[in-house]
Amino acid sequence: MKKDTNIILVDDDAALRHATRQTLELAGFAVRDVPSATQALALLSPDLDAVVVTDIRMAGMDGLELFSRIKALDPELPVLLITGHGDIDMAVRAMQDGAYDFIAKPFAADRLVQSVSRAADMRRLVIENRRLRQAAEASQDDLPLIGQTPAMEHLRQTLRQIADTDIDVLVAGETGSGKEVVATLLHRWSRRNRGNFVALNCGALPETVIESELFGHEAGAFTGAQKKRIGRIEHASGGTLFLDEIESMPPATQVKMLRVLEMREVTPLGINDVRPVDLRVVAAAKVNLGNPAERGDFREDLYYRLNVVTVSIPPLRERRADIPLLFSHFTARASERFKREVPVLTSDIARHLDSHAWPGNVRELAHYAERVVLGITPPPQTALEPSGATDDLSLPERMERHEGNLIRQALRDNDGDVRRTLDALGIPRKTFYDKLQRHGINRNDYTDQD
């Protein structure tokens, strides 16, 4: 196992120091040994990835005073005390004050190596948590487009290049990947940031309502239209109009939207007046509108009118190196929201972050971080129904069981919210409820987990 943590070994007994160094080096550690506490302090600094192993009884500054100095420098830097029998009471008191461990002479090599290994693992987690918090704080202007991978660097650079160009933009990305965040940043970084940022989810409104929402209406334009209403398009004049899930826009509305994009004018329902609008349109789609098979009944001419510039957001599985950084940001935000302590990035959490597929992308990760802060996240292996032995099952039976587990996982990741679960699974509502019944899944079991 690779051990990157430095071991600072302090002992004024040259023979014992040499023997201890050999023991640690044989275990794979990089060791720097010094004969005095003063020399040890000269090697230390805050955020140094190191573990200090020191004898208590030394000439000049002893091990207890060295521990006190280290505690003032960095209270989370592990210090292991090597004690004689007469020093054990002092070592116990030092542990109560924050020392990591004490080892009584004579000690077995395994005892020392195991303690140093645990301390090194703890120190690496401390350093990683600090690095993630610092990186998250440094990225405040781009939140939550956090990421240090080349894909995210390229995405941020592209957005800054096109933000002030006033061209319409098509944003492509999977559910939960941050399409509205991209649209918001394009607005914030443009000259239009003094105008309104107006968002509309085309998949959330029925066909009978979406035209009124977009184009507005006059009083009496249709049954129930009791007073005049300014539409989202006109309200966004001077700013940015964001149309999410534009692939869900009804065909009749697409025709009118195409005219808005070409002429930059809008006609509210119920009147013949044409009103000019000055707006930039940012549209987002979960499907590839350039693929006729995925585009469905979405108009090809509207697609090409929107597709002046296409910005693609990489899914989380393609930028896994950014996951710990995003998790750190979301846990800090959730801790502030729920008035809880920021949790430590444990080995179990790190393993789940690295192994999970994250089909719900950044949104799913944010929900997971909230559950970690609240302390209600089960171990990853308990998130699915126990599979049991599958050797006696046929392939269709195994696939059926796997499907049920995927649905349970999606419900848990989305707190039982049907719409978010449907987005994560990519299936129609009726199909979803049919599968719940077939697998014997009760959606209410996955809501109000806190």
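Guide: Two strands pair if DSSP finds at least two bridges between them; strands (E, at least two residues) and helices (H or I, at least four) are DSSP runs, numbered from the N terminus. The model is predicted, so local features need pLDDT of at least 70 and side-chain atom pairs count only at pLDDT 80 or more, whereas totals for chains, interfaces and linings use all residues. Residues are numbered from 1 along each chain as its sequence is written, and side-chain values use heavy atoms, with hydrogens and water left out.

Visitor: Which residue in E11 is the bridge partner of Val-171?

Guide: Ala-284 is the partner of Val-171. Strand E6 (residues 169-172) and E11 are parallel and share 4 bridges.

Visitor: Why is strand E11 described as largely enclosed by the rest of the structure?

Guide: Buried means under 20% relative accessible area, exposed over 50%, and partly exposed in between (1.4 Å probe, protein chains only). In E11 (residues 280-285), 6 of the 6 residues are buried, so the strand is largely enclosed by the rest of the structure. Arg-280, Val-282 and Ala-284 are buried on one side, and Val-281, Ala-283 and Ala-285 on the other, which leaves both faces covered.

Visitor: How many helices and strands does the protein have, and what share of its residues is buried?

Guide: There are 18 helices and 12 strands, and 45% of the 450 residues are buried.
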